[in-house]
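Hi everyone, thanks for coming. Let me bring the model up on the screen, and then we can walk through a few of its side chains together.

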Amino acid sequence: MYFAKNRISDMDFAEKRKAALPIRPGLCYTERQRRRKAGSGRRRGLFVIFGMGDDFLYHFFAMLSRMKYINRWGLMRNTRQENICEHSLETALIAHGLASIGNQRFGRSYNADRAAMLALLHDASEIITGDMPTPVKYHSEEIRQAYAEVEHGAVEHLASMLPQELRPAYRELMTMSAPGDQELRPLVKAADRISAIIKCVEERQSGNRDFREAEKSTLKALEDMGLPEAEYFLQEFLPSYGLTLDEQNYSTTAGVKISDSSQMFFFKALD
């Protein structure tokens, strides 16, 4: 994004671009540097670009914002489309919850915040690759390995859009490869599957039968993981996703009783 200190016409800017040296891919020089390289010392039309030292423009976070354009469940009929941005947020919330459940209920020592961040970026590579349907991704070992290579290349491409000093940290987040991430991987995978089950429940509640088998197979895969944190979530939290808003009313179905005044405010807000 450019901000002009002194406005110049499009024609003036076009002429200045012709006189400038080629711009390196992925980087954007300030207008002052363009004129300096072209041998001009004039300060008219100075442009300031926000970036590293006002010299470079990095695209990593702008690319992440495009997650909202990548839809999931491409082979299925959806009553409501789901993109990887909302899926990643839901997975992050659940992963944090699973880690917290493990710490409080089962004596674990998970880093819940780290689990949430890993889940938040677990599908970041799909900005480049798109969402590969699960039956296709795991159709054969050859396809799985080939797709893994494509995912690795996508992660490296995204990491290259960061300043050098930030690349290692975000590469580790996207690949779950930092020390201590290994024990969090099952939580992120379980959260990913729980999010998929929630989607199946929502579609079933909307009368869509296309997700019946996906719900059964994903639920079985989750149970086969043998994670007590996931089993606890399935028993204590998942049933609520199949309820209506009225059925989820805190005063009747949840473990916490809210005050009558709070209830009145809640129902008034619904009206």
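Let's start with Arg171, which forms a salt bridge with Glu156, their closest N and O atoms lying 2.9 Å apart. Arg171 belongs to helix α9 (residues 167-175) and Glu156 to helix α8 (residues 141-159), so this pair ties together parts that are 15 residues apart in sequence. By salt bridge I mean a side-chain nitrogen of Lys or Arg within 4 Å of a carboxyl oxygen of Asp or Glu. Helices here are DSSP runs of H or I with at least four residues, numbered from the N terminus.

Before I go on, a word on what you're looking at: this is a predicted model, where local features need pLDDT of at least 70 and side-chain atom pairs count only at pLDDT 80 or more, while totals for chains, interfaces and linings use all residues. Residues are numbered from 1 along each chain as its sequence is written, and side-chain values use heavy atoms, with hydrogens and water left out.

For the cut-offs, buried is under 20% relative accessible area, exposed is over 50%, and partly exposed is in between, using a 1.4 Å probe and protein chains only.

How many salt bridges does the rule give? The count comes to nine, and I'd like to show you two others.

Please look at helix α10 (residues 185-205), where Glu203 and Lys199 sit four residues apart, about one helical turn. Their side chains meet in a salt bridge, with 2.7 Å from N to O. Glu203 is buried, with a relative accessible area of 2%, and Lys199 is buried as well, at 3%.

Next come Glu215 and Arg204, whose side chains meet in a salt bridge of 2.9 Å, N to O. Glu215 is in helix α11 (residues 212-224) and Arg204 in helix α10, so the pair ties together parts that are 11 residues apart in sequence. Glu215 counts as buried, at 14% relative accessibility, whereas Arg204 is partly exposed, at 38%.

Last stop, a cysteine. Cys85 is placed in helix α4 (residues 84-105) and is partly exposed, at 36% relative accessibility. Which residues does Cys85 touch, not counting those up to four places away in sequence? They are Met67 and Lys68, where contact means heavy atoms within 4.5 Å.

Technical notes:
Helices (H or I, at least four residues) and strands (E, at least two) are DSSP runs, numbered from the N terminus.
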